[in-house]
Amino acid sequence: MPQDPATEQDLAFLRQAIELARAARDHGAHPFGALIVDEHGQVLVTARNNAVPPKGDPTQHAERLACSKIGRQFTPVQLAHCTLYTSTEPCAMCAGAIYEVGIGRVVYALSAKVLIHIIGSGPEIPTLDLPCREVFARGQRPTTVLGPFLEEEAAEVHQSFWIK
């Protein structure tokens, strides 16, 4: 089933998420960034990955951090009209957080499959092969997912980061 195309606004917010990922990388964290935007195009919260190895909390992914911040400020009814933009497809943990706070729409840049191709397999980022669409499909309320978009731009932030 073909997906809806990204709007110019979607692409602009995805580029902001990619820049947040770049900022995370510049601060020594894994290169992931996310922001949540309301139905009027107002940025409500931004977050970047804070899972700084080796002592960092591995649950401090950008999407989960954004959800934690926003979930204390808005109701699920309000968040149903919001969009979470992220530099990379949400992992299963982050998809669960997005669902739990009630965000109605997710738009991502880099797919998890391409990310795994970039980073390879290893203990530093043990990904689950569980697309976010499958996580959301198990829920009782709808979550619209669009992506991947701007994959080359999003992949650039990861280049040479994962090489040890």
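Tutor: Two strands pair if DSSP finds at least two bridges between them. Strands are DSSP runs of E, at least two residues long, and helices are runs of H or I, at least four; both are numbered from the N terminus. This is a predicted model, so local features need pLDDT of at least 70 and side-chain atom pairs pLDDT 80 or more, while totals for chains, interfaces and linings use all residues. Residues count from 1 along each chain as its sequence is written, and side-chain values use heavy atoms, without hydrogens or water.

Student: What is the strand order in the sheet?

Tutor: The order is β2-β1-β3-β4-β5, in an open sheet of 5 strands with mixed pairing. β2 (43–48) and β5 (144–146) each have a single partner strand, so one side of each lacks a neighbour in the sheet. From one strand to the next, the twist averages 15° (axes are lines fitted to C-alpha atoms, for helices over the stretch in contact; angles run from 0 to 180 degrees between N-to-C directions).

Student: In which sense do β1 and β2 pair?

Tutor: Antiparallel, over 5 bridges, with β1 spanning residues 33–37. Take G33: its bridge partner in β2 is R48. β1 also runs antiparallel to β3, joined by 4 bridges. There, V37 stands opposite T83 of β3.

Student: How many bridges join β3 to β4?

Tutor: 5, and the two strands run parallel; β4 covers residues 105–110. T88 has L110 of β4 as its bridge partner. From β3 the chain passes through helix α4 (residues 92–101) to β4, a right-handed β-α-β crossover (with the strands pointing away from the viewer, the path from the first strand over the helix to the second runs clockwise).

Student: Is β3 buried or exposed?

Tutor: Check relative accessible area (buried is under 20%, exposed over 50%, partly exposed in between; 1.4 Å probe, protein chains only). In β3 (residues 83–88), 6 of the 6 residues are buried, so the strand is largely enclosed by the rest of the structure. Y85 counts as buried because its relative accessibility is 2%.

Student: Which residues form an aromatic pair?

Tutor: Compare ring centres and planes (Phe, Tyr and the six-membered ring of Trp pair within 6.5 Å; under 30 degrees is stacked, over 60 edge-to-face, the rest tilted). The count is 1 aromatic pair. F13 and Y85 form it: tilted, 5.1 Å centre to centre, with 40° between the planes. F13 lies in helix α1 (residues 8–26) and Y85 in β3, so the pair ties together parts 72 residues apart in sequence. F13, at 7% relative accessibility, counts as buried.

Student: Which charged end sits over the ring of Y99?

Tutor: That of R141, 4.2 Å from the ring centre (NZ of Lys or CZ of Arg must be within 6 Å of the centre and within 35 degrees of the ring normal).
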